[in-house]
Amino acid sequence: MTRRTSLRIVLAGGLVLAGALPATLTTPAVAVGTSCVPSYALTGSATAAANTRHVVTADLDGDGTVDVVATNLEGDSVTVLPGEGDGTFAAGSTYAVGTHPYQTVVADFDGDGRPDLATADFGGAQVSVELNTGDGTFGTASAIDVSGSPRALATGDLDGDGRADLVVAEQQTSTVRVLLGNGDGTFTDTGQTATGSQPHGIVVGDFDGDGAADVATASVGADGVSVLLGDGTGALGAATEYAATARLYSLAEGDFDGDGSLDLAAVSNGADTLDVLPGNGDGTFGTATAYSTPALPVAVGAADLDGDGTTDLLVSSLQGDSVTPYTGDGSGTLTRLTDVPATGAYDAAAADLDGDGVRDLVVADSTGGQVDVFRGSCR
């Protein structure tokens, strides 16, 4: 199916990015304000490729159902799994990218109204961009050279021109690189800004409420989170460091306490903790609150799992072979729910795969080279 539409997506924090495609579809878990206690059951798997490390969901082919992109570290590839709308997937198509990709983001990079892909290729010192051909299939990847060991990337409109840009966490050089989108699938490299030691996760959001995109990174080489405020032109200010647990491996943003300001959440695989830093709304953050996790947490994701309008969290734990939901009640306190057994869990995303109004989970099974599906239910 070919669609050409003008998209205008409101991002967290009030940012508006014309042409952006959300990482997940916006179907609510249940009607907002109708809270439930979510639970999950394994219902199937879909084949990806060797050492699947990351998953992201979006409607890639324009049929109104959720599709999944799996990033395969050892396969040097991404696998696109078309959703059938009933919680299952058609056979996937696998596309070559750079060496050892860790993460994929979805946005419209060429302005045609179709979601494209970009990956952080950790072993190849590059970002790979794959453009949608119009039906959910993708062309040959083009490479953008960056500095050593790009571990993560995020997308947003950093210069206010309505085009999707990229920010890359460069672990080896302890920097973040800004790639401004030209609107045709190409990018202009505007250089690097120093972060805390070895950034290992990155997010984009308006942390100070000025309407311009800001950036935050999580450090695996130091004890904290770096926040770099944007000026609306694509430039980032000097990093401000906020203390957190050592060896932060992943970062997520969202309003976890319901006060209208963006907060940050990071997991430490050195201390088996989830740290939540409350945002003050002016670009600064309060003291981190730590929650225990299963062994070796490696990823944290954000979504409203219980339908109460407050953003909740998902922690994937590799040695724990589990995904753990943490739900918020709007007060700033999180409740840890029952761990969901998930073999080789390296990342998880929440989306309504079967159209029943309840978000399901898709999990990157790094040991099986596959995506595992856990159907969600509410009680």
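Modeller: The account below begins with strand S14 and then turns to other parts of the chain.

The model is a predicted one. Strand S14 covers residues 175-181. Of its 7 residues, 7 are buried, so S14 is largely enclosed by the rest of the structure.

Strands of a sheet pair through backbone hydrogen bonds, in either a parallel or an antiparallel sense. S14 and strand S13, which spans residues 165-170, run antiparallel and are joined by 5 bridges. Within this pairing, Leu 166 stands opposite Leu 179 of S14. The two strands form a hairpin with 4 residues between them. In the turn of that hairpin, Ser 174 has a positive phi of about 55°.

Ser 174 deserves a separate description. Its place is in the loop between S13 and S14. With a relative accessible area of 18%, Ser 174 falls under the 20% limit and is therefore buried. Leaving out residues up to four places away in sequence, Ser 174 touches Thr 193, Ala 194, Thr 195, Gly 196, Ser 197, Gln 198 and Pro 199. One of these, Ala 194, is in strand S15, where Ala 194 stands opposite Thr 175.

Strand S15 comprises residues 187-194. S14 and S15 pair in the antiparallel sense over 6 bridges. They too form a hairpin, here with 5 residues between the strands. Gly 183 in this hairpin takes a positive phi near 85°.

The charged contacts come next. Side chains of opposite charge can pair when their charged atoms come close. Asp 189 and Arg 177 form a salt bridge in which the closest N and O atoms are 2.8 Å apart. Because Asp 189 lies in S15 and Arg 177 in S14, the pair ties together parts that are 12 residues apart in sequence. The two partners have these accessibilities: Asp 189 is partly exposed at 36%, whereas Arg 177 is buried at 9%.

The count of salt bridges in the model comes to 6. Among them is the one between Asp 161 and Arg 163, whose closest N and O atoms are 3.9 Å apart. Asp 161 is partly exposed, with a relative accessible area of 35%, and Arg 163 is likewise partly exposed, at 39%. Another salt bridge brings together the side chains of Arg 336 and Asp 339, with an N to O distance of 3.1 Å. Arg 336 has a relative accessible area of 35% and is partly exposed; Asp 339, at 31%, is also partly exposed.

An open sheet of 4 strands has the order S8-S9-S10-S11, with antiparallel pairing. Its edge strands are S8, at residues 101-107, and S11, at residues 142-145, each of which pairs on one side only. From one strand to the next, the twist averages 25°. Inside this sheet, strand S10, made up of residues 126-130, is joined to S11 by 4 bridges, and the two run antiparallel. Val 127 stands opposite Ile 144, a residue of S11.

Ala 288 lies in the loop between strand S22, at residues 273-277, and strand S23, at residues 289-292. Ala 288 counts as partly exposed, at 25% relative accessibility. Ala 288 and Leu 277 are 11 residues apart in sequence, while their C-alpha atoms are 4.4 Å apart in space. Leaving aside neighbours within four places in sequence, Ala 288 is in contact with Ala 243, Asp 275, Val 276 and Leu 277.

To return to the part requested, S14 pairs with S13 over 5 bridges and with S15 over 6 bridges. Its residue Arg 177 is buried and forms a salt bridge with Asp 189.

Definitions and conventions. Residues numbered from 1 in each chain as written. Predicted model: local features only at pLDDT ≥ 70, side-chain atom pairs only at ≥ 80, totals over all residues. Heavy atoms only, no water. Salt bridge = Lys/Arg side-chain N within 4 Å of Asp/Glu carboxyl O. Buried < 20%, exposed > 50% of the residue type's maximum accessible area, 1.4 Å probe, protein only. Contact = heavy atoms within 4.5 Å. Pairing = 2+ DSSP bridges. Axes fitted to C-alpha atoms, helices over the stretch in contact; angles between N-to-C directions.
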